[in-house]
Amino acid sequence: MAVKVESDNKSVHLSISYVPSSEAKGFIEDSSFATAFFGPLGSGKTTAGVIKTWLYSQAWPGARIAVIRDTYPNLIDTTQKTFFEWLPEGPAGTYVRSTRTFYLRTSDSTKPAEIIFRAMDQKDDVSNVLSLDLASAWIDEPQGGLNLNSNNLTKEPGIDHDVVLMLQARLGRQKGYRPMLWLTGNP
């Protein structure tokens, strides 16, 4: 796995060298409306989500894709960190921090994909996502509920099931794009 950036006086070229596991490959290549890749820590789930986002963007230039995580710290510390390791600012596109939107270069230089990063613990993010016309969405670590591995049965954060159902209704609202939802997380 590697990202290689080459530049000359005229352009910047991004080359992604990624060899997925057979499970990740199956997830990445699955074109069903809803797909998921759940597995143990270190199995490359988030990376597979990034690669699926990139491939969708290349196939559907100009797509508006929501990338969703349960909390803002988790979004920044994990999902975005992995995203920008694979698709770095500059060579892969332009990140506008004030709107948490990444304009990802695509195969059509006039139509960057609009990657919208949102956290479901932020009230404004929830209402914003539920009012967008989206092509597709990726939810990283959607699971939640009781932590049965803990002695005190704590409740783990997650994304509310009703929010996921409402999000699904927003997919495909961006006209001319294939609606898809992909999820990655721990079992």
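Exposed means over 50% relative accessible area, buried means under 20%, and partly exposed lies in between (1.4 Å probe, protein chains only). The model is predicted: local features need pLDDT of at least 70, side-chain atom pairs count only at pLDDT 80 or more, and totals for chains, interfaces and linings use all residues. Residues are numbered from 1 along each chain as its sequence is written, and side-chain values use heavy atoms, with hydrogens and water left out.

Stop 1: Now select Ala24, Phe27 and Ile28. These three residues of α1 (22-29) are buried. They span an arc of only 95° around the axis, so they sit on the same side of α1. That arc is taken from the directions from the helix axis to the C-beta atoms. What do the buried residues of α1 pack against? Show β3 (34-38), α2 (45-59) and β11 (180-185): those are the elements they pack against. Contact here means heavy atoms within 4.5 Å.

**Stop 2: the whole chain.** Zoom out and colour by secondary structure. The chain has five helices and 11 strands. Helices (H or I, at least four residues) and strands (E, at least two) are DSSP runs, numbered from the N terminus. Of the 187 residues in the chain, 44% are buried. Among contacts with a separation of 6 or more, 65% join residues 24 or more positions apart. The accessible surface is about 9,800 Å², and 52% of it belongs to carbon and sulfur atoms. These areas come from the Shrake-Rupley method with a 1.4 Å probe; for residues, only the protein chains shown count as cover.

**Stop 3: α2.** Select residues 45-59. Helix α2 has 15 residues and reaches 21 Å from its first C-alpha to its last, close to the 21 Å expected at 1.5 Å a residue. The expected span is 1.5 Å times one less than the number of residues. Is α2 largely enclosed or largely open? It is largely enclosed by the rest of the structure, because 12 of its 15 residues are buried. Among them are Lys45, Gly49, Val50, Thr53 and Tyr56.

**Stop 4: α3.** Move to residues 72-86. Helix α3 also has a count of 15 residues, and its end-to-end C-alpha reach is 20 Å, close to the 21 Å expected. Look along its axis at Gln80: α3 bends there by about 35°. The bend is the angle between axes fitted to the seven residues ending at a position and the seven starting there. Gln80 is buried, as are Leu75, Thr79, Thr82, Phe83, Phe84 and Trp86.

**Stop 5: the cores.** In soluble globular proteins, nonpolar side chains tend to be buried together. Select Tyr56, Phe83, Phe102, Ile115 and Phe117. Within the largest nonpolar core, which has 30 residues, these touch the most other members. A nonpolar core is a set of buried Ala, Val, Leu, Ile, Met, Phe, Trp, Tyr and Cys residues joined through side-chain atoms within 4.5 Å. At least two residues of this core come from each of α1, α2, β4 (64-69), α3, β6, β7 (113-119) and β11. A second, separate core of 15 residues includes Ala66, Val129, Ile139 and Val164. Return to Tyr56. Beyond its neighbours within four places in sequence, its contacts include Ile65, Ala135, Met180 and Trp182.

**Stop 6: Ala66 and Trp138.** Select Ala66, in strand β4. Its relative accessible area is 0%, so Ala66 is buried. Not counting residues up to four places away in sequence, Ala66 touches Ile116, Leu134, Ser136, Ala137 and Trp138. Ala66 and Phe117 are 51 residues apart in sequence, yet 6.0 Å apart in space, C-alpha to C-alpha. Next, click Trp138, in strand β8. Trp138 is buried too, with a relative accessible area of 0%. Leaving aside neighbours within four places, Trp138 has contacts that include Gly49, Val50, Ala66, Thr79, Phe83 and Trp182.

**Stop 7: two loop residues.** Finish with Arg100, in the loop between β5 (93-96) and β6 (101-104). Its phi is near 50°, a positive value in a residue other than glycine. Arg100 is buried at 17% relative accessible area. Then select Glu141, in the loop between β8 (136-140) and β9 (145-146). Here phi is near 60°, again positive in a residue other than glycine. Glu141 is buried, with a relative accessible area of 11%.
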